[in-house]
Structure formats: C-alpha cells, structure tokens
Amino acid sequence: ELDSLADMVSFGVASGVLIYVYNFSAIDNGVYIVILGVACTAIRLARFNVASDPDYFTGIPSPAFGFFVATYVLSGLQFSNMLLVVMFAIFSLLMISNVKYPTFKRINLKVGISVGAIIGILILAIAIGGMTWIILPFFVYAILGPLFYRIFYRR
C-alpha cells in the first residue's frame, strides 16, 4: 500500500499540480478537472491493490497518466483549453475503466517486436521532429492498448 501511496503522489497529485500550473490555472474552475484526475488515480490504485491480474491492467495504469501529463508539458504543444480538458478527462476516466491494457510483464517475441517497433518509430520521430513527438507513445498506448491486449494476450 505504501507503493500505491507513492504512486498516488507521483502520478496523481504531481501530475495535477503540473497541468494546473502549466495550463488549467487559466481556465475557470480548472481545479475541478485536476481533482478528477487525482480522484481517478486514487480509485485506480485502490482497485489495483484489491484485484490485480498479472496478465493485464484493468484501466490504463497511473504511470501512463502521469507520463502523459509530463510529456505534454515537455513537448511544448499548446492545445486549446477545451481539447486539453477533454483529453485530460478521458485519460483520467480510462484509469477507472474496465478496458484491459497489456502489462508487458510477459514479453514474447511478438510483443517484443511490437514494442521495439514503437520505440524505434518514437526515436525516429523525435530525431526528425524534436520533442513535440515525445507524447506520441502515450497516445498510442491509450488508443491501441486494448487492441494490443486482444492480439497478443487474449487466450
């Protein structure tokens, strides 16, 4: 449980403070969107402590949420406030969803090749386009994670 508390602070609270200072402080009632993210992180971690499966995550993991926020800030992208609020809310709600995401704990050849290809594409994109593309793997994981789970882990 101490690990989950550390994750709550690292990926929930810190991400909320970061995105609030970076963008949501300029939005009326932006603090409520941040509270949604922190609350979903807490629920996600509580559920993980009670019922976890070594083959998949139920809902997007909280580190992916934290990395999404951090890479958005690092990328220097400036989405419209409404788009950013919607993306933040979707990522928050994906943490408490029942969507299955691969854990990559049991990597076989197919999974290794897929992950290697994604990392290779990311490195190439960063080399060509700069830090703007650093947010790409978290979008890929959020959107294609359930597809990867069905292809590689479904029995």
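1. Quick definition before anything else: two rings of Phe, Tyr or Trp (for Trp, its six-membered ring) pair if their centres lie within 6.5 Å. By that rule, ring pairs tie Tyr22, Tyr72 and Phe79 together into a cluster. Keep in mind that this is a predicted model.

2. Tyr72 is buried at 1% relative accessibility, while Phe79 comes out as partly exposed at 22%.

3. The structure has seven aromatic pairs. Another one to look at is Phe48 with Phe57: this pair is tilted, with 6.4 Å between centres and 50 degrees between planes. Phe48 is partly exposed, its relative accessible area being 30%, and Phe57 is buried at 15%.

4. On to the helices. The axes of helix 1 (residues 2-22) and helix 3 (residues 62-75) come within 9 Å and cross at roughly 25 degrees, so helix 1 runs roughly parallel to helix 3. The crossing is left-handed.

5. Who makes the contact? From helix 1 it's Asp7, Phe11, Ser15, Leu18, Ile19 and Tyr22; helix 3 brings Ser62, Pro63, Phe65, Gly66, Phe67, Val69, Ala70, Tyr72 and Val73. Sorted by class, that's eleven nonpolar, three polar and one charged residues. Note that Tyr22 and Tyr72 sit in this helix contact and also belong to the ring cluster from point 1.

Definitions and conventions. Residues numbered from 1 in each chain as written. Predicted model: local features only at pLDDT ≥ 70, side-chain atom pairs only at ≥ 80, totals over all residues. Heavy atoms only, no water. Axes fitted to C-alpha atoms, helices over the stretch in contact; angles between N-to-C directions. Helix = DSSP H or I, 4+ residues; strand = E, 2+ residues; numbered from the N terminus. Parallel < 35°, antiparallel > 145°, perpendicular 65-115°, else oblique. Left-handed = near helix turned anticlockwise from the far one by under 90°. Contact = heavy atoms within 4.5 Å. Nonpolar A, V, L, I, M, F, W, Y, C, P; charged D, E, K, R; others polar. Phe/Tyr/Trp six-rings, centres within 6.5 Å; stacked < 30°, edge-to-face > 60°. Buried < 20%, exposed > 50% of the residue type's maximum accessible area, 1.4 Å probe, protein only.
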